[in-house]
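I set out to record what I looked up in this structure. The entries below follow the order in which I consulted it.

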Amino acid sequence: MYVGRFVVVGPGLGAYRVSSRSFPNRQVTARENALTVGPTPEAPETDNPYIAYNCVRVAGDDLAVVGNGAHVDPIAEKLDLGYPPRDALATALFALDYEKDDYDTPRIAGIVTGDDAYIGTVRADALIVKRVTEPTIVATYETDTPETYPLAATDAEAAAREVYDADFEHAVCAAAAEVGSSGVETAYYNG
């Protein structure tokens with residue numbers, strides 16, 4: 001089944017996977033306080049504004065944001081300003097709305113703290129933001145309403161690999177963040 005991009009978050013751990021039929025030549029790279037999805041060196045040139053973005057951002061010392069687009073940065077910025085996680089997620093998703101492409105692609109995102117997690121999506125027909133207490137998935141297609149997900153990983157490296165290997169079609173790359181007593185650890189996996 002093809003679900004497109006997806007986010008899985010639970011308390012202390014969040015992950016994101018790029019799945020793509022149209023733009024498979026992408027990879028995750030590490031930057032200061034962020035993991036970024038972008039084209040590989042051999043990718044064909046495109047003017048598509050939706051294929052390069054921060055997919056993981058660290059906010060403060062103990063928060064991580066995961067998501068599928070340009071909304072990741074404003075969510076992290078709201079958290080840095082002191083917004084509660086639910087409000088940061090809802091405000092940014094509402095402001096940026098779903099992607100205005102041929103598919104009305106939903107924006108999906110999650111926020112992870114050491115004790116809590118929040119997941120959200122904005123689609124053409126809804127804005128959903130939820131606090132979750134167990135691993136929960138939301139995807140751009142098919143699974144576009146948050147539902148529980150059997151994530152077995154307990155750290156960022158294992159989570160990135162587990163969501164990359166998930167039984168959904170067209171895996172491209174994955175990223176994850178773990179929030180614990182020592183702060184935020186990030187990891188990524190490029191197939």
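Before reading any accessibility, I noted the cut-offs: a residue is buried under 20% relative accessible area, exposed over 50%, and partly exposed in between. The model I am working from is predicted.

Entry 1: Tyr164, at 17% relative accessibility, counts as buried.

Entry 2: I found both Phe6 and Phe168 buried. For Tyr164 and Tyr189 the ring centres are 4.8 Å apart and the planes stand at 65°, so this pair is also edge-to-face. Tyr164 is in helix 3 and Tyr189 in strand 13 (residues 183–190); the pair links distant parts of the chain, 25 residues apart.

**Entry 3: a charge over a ring.** I noted that the charged end of Lys100 sits over the ring of Tyr98, 3.9 Å from the ring centre.

Entry 4: I traced an open sheet of 7 strands with antiparallel pairing, in the order 3-4-5-6-7-8-9. Strand 3 and strand 9 (126–132) are the edge strands, each pairing on one side only. Direction ignored, neighbouring strands of this sheet are turned by 15° against each other on average.

**Entry 5: strand 4 and its partners.** Why is strand 4 largely enclosed by the rest of the structure? I found 5 of the 6 residues of strand 4 (residues 34–39) buried, so the rest of the structure largely encloses this strand. Strand 3 (residues 26–31) pairs with strand 4 over 6 bridges, and Gln27 has Gly38 as bridge partner in strand 4. These two strands form a hairpin with 2 residues between them, and Asn33 in the turn has a positive phi of about 60°. Leu35 stands opposite Ala30 and has Val56 as bridge partner in strand 5. Strand 4 and strand 5 (residues 53–59) pair over 4 bridges in the antiparallel sense.

**Entry 6: helices across the sheet.** I recorded helix 1 (residues 72–80) as lying across strands 5, 6 and 7, at about 10° to strand 5. Helix 2 (residues 85–96) lies across strands 7, 8 and 9, at about 15° to strand 8.

Notes. Residues are numbered from 1 along each chain as its sequence is written. This is a predicted model: local features need pLDDT of at least 70, side-chain atom pairs count only at pLDDT 80 or more; totals for chains, interfaces and linings use all residues. Side-chain values use heavy atoms; hydrogens and water are left out. Buried means under 20% relative accessible area, exposed over 50%, partly exposed in between (1.4 Å probe, protein chains only). Two strands pair if DSSP finds at least two bridges between them. Axes are lines fitted to C-alpha atoms, for helices over the stretch in contact, and angles run from 0 to 180 degrees between N-to-C directions. Contact means heavy atoms within 4.5 Å. Rings of Phe, Tyr and Trp (its six-membered ring) pair if their centres lie within 6.5 Å; planes under 30 degrees apart count as stacked, over 60 as edge-to-face and the rest as tilted. A charge sits over a ring if NZ of Lys or CZ of Arg is within 6 Å of the ring centre and within 35 degrees of the ring normal.
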